[in-house]
Amino acid sequence: MPVALLALWEMASRLALVSPRYFPAPTTIGAVLVDRLAAGDLGAALLVTLARLGLAFALAAVPGVLLGLLMGIARPLRAAVEPYIAFVFPVPKIALLPFLLIILGVGEPAFVLTGAASAFFQIVISTLGGVRTMDPRLLEVGHNYGAHGARLFWKVILPAALPAIFTGLRLGLGLALIALVAVEFIAAKSGLGHLVYRHWQMLSTPEMYAAFALVGALGLLLTRGLRALQARLLSWQEESF
Amino acid sequence: MRRFGRWLAEHSIAVGSPLVLLGAWEWASATGLLREAFFPRPSTIAVHLRQLGADGTLWGHLGATLVRIGWAFALAAVLGVGIGLAMGLWRGLREGLDPVFAVIYPIPSILFLPLVGFLVPPGEIAVVVTTAVTSFFLIAFTTTHGVRQIDRLVVEAATHYGARGWRLFTAVLLPGSLPSIFTGLRLGLGFALIVVVAVEIVSTSRGLGALLWLSWQILKVEDMYATFFVIALVGAVLYYGLAALQARLLPWVQDVADR
């Protein structure tokens, strides 16, 4: 089916049924993709995006998981912090960009933090959910066998919350990618998102589609890869979204 | 009144902490601890929000955004549920479309703006279609999943009792996949808001995203905060409103999105 679609597109474009200017043939795009990858600029843009993504993810994951766990264990903390998390969670994080641009100036920190914010709230909420929805019987059994404090946390609470934490990290990474590409499209002057924007403005469509395809491949790799990793590491867990 | 008192006592921290924070912010900005140019006082922001509302600016932008979300969501919902159901029911279609969807879905939807602009007339229609893209895939995925996770025994029992075709669909398959569909619709609506704000920043002069970006460009920081507050409010209403609606309509459902 994908092959058939591509072939159809190729034909339509070659026969000029659709405007080849807007919809260049897939083989043309493929050639440009290989060409630009060989020239190095496409790879450089990919690396920039990946570096931002990695940094944003790390900045979100560590405090996000910690805060989520703490909120799950300490009730007063949860009561104090939950309103903010709940208020900001459904907000499109791209709306934070102008604030970060004002406070931090136009530059990498503002871009990366927008991506990190996008992932952070998802990770906190998933982690908290994992702690809160764990089977209370597990806690009781742990108690009865004399696990308290740190031991209870490491041996019972953390393993029980692990699947939810992993799901949070997976969703968070996807959200960070979405936010970062949008930031690159809007404000940054580098990265794959910017590449699509620039080639759109210049109407150099084959280059635009090439960058577009690379973002798609990256997204596919991340979502499929992490899902496979989750299935392997946490094989007792039911498949979920 | 006494019930309210008890509720307040139980949620004292949850109610108190934002109040304390707002108070501290007000104080810090007033005394110059926070730079007022970046962190205007909450009271100043409230005044600006009132002005934006009073002269009608806010309502125009809010209306534009809501109309776009509405159209995009309707488009995504109709197509997503339709195709999702079809994919759930027919294996051939599912196996054909799955790889195509899997490649397109993770692409951040803002990138579709140029592409959509080639396909449909640029302007309002392109904005709506771009906003609908990711929601569509989400809804289609969850709907397919909803049909597929129906207990085979239930379907078999229904066929033994003579339910076939249309009846099987309306009496068993559709109700069975409803919880999943609703979750998809909810997530899709949330995504529509995310995308519409981004698209408005890039390509329109009306809408909350455009207002936010414009306020930044001319450094009207108070308006920026006020707009952000409104966007957050829209997000909260959509998200928690639908969660409440789902809890009321489908009380037996454990939300799959929360797992």
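**Where chains A and B meet**

44 residues of chain A are in contact with 42 residues of chain B (contact: C-beta atoms, placed from the backbone, within 7 Å). This is a predicted model, where local features need pLDDT of at least 70, side-chain atom pairs count only at pLDDT 80 or more, and totals for chains, interfaces and linings use all residues. Residues are numbered from 1 along each chain as its sequence is written, with chains lettered from A and ligands numbered from 1 in the order in which they are written.

**Exercise 1.** Work out which classes of residue make up the side of chain A that touches chain B.

*Solution.* Sort with Ala, Val, Leu, Ile, Met, Phe, Trp, Tyr, Cys and Pro as nonpolar, Asp, Glu, Lys and Arg as charged, and the others, Gly among them, as polar. You get 35 nonpolar, eight polar and one charged residues.

**Exercise 2.** Describe how α4 (75-88) of chain A packs on α2 (12-30) of chain B. Helices here are DSSP runs (H or I, at least four residues), numbered from the N terminus.

*Solution.* Start with the geometry: the angle is about 50° and the axes are 8 Å apart. Axes are lines fitted to C-alpha atoms over the stretch in contact, and angles run from 0 to 180 degrees between N-to-C directions. The pair is therefore oblique (under 35 degrees is roughly parallel, over 145 roughly antiparallel, 65 to 115 roughly perpendicular, the rest oblique).

Next, pick out the residues: A:P76, A:A79, A:A80, A:E82 and A:P83 meet B:I13, B:A14, B:S17 and B:P18.

Note on methods
Helices (H or I, at least four residues) and strands (E, at least two) are DSSP runs, numbered from the N terminus. Two residues are in contact if their C-beta atoms, placed from the backbone, lie within 7 Å.
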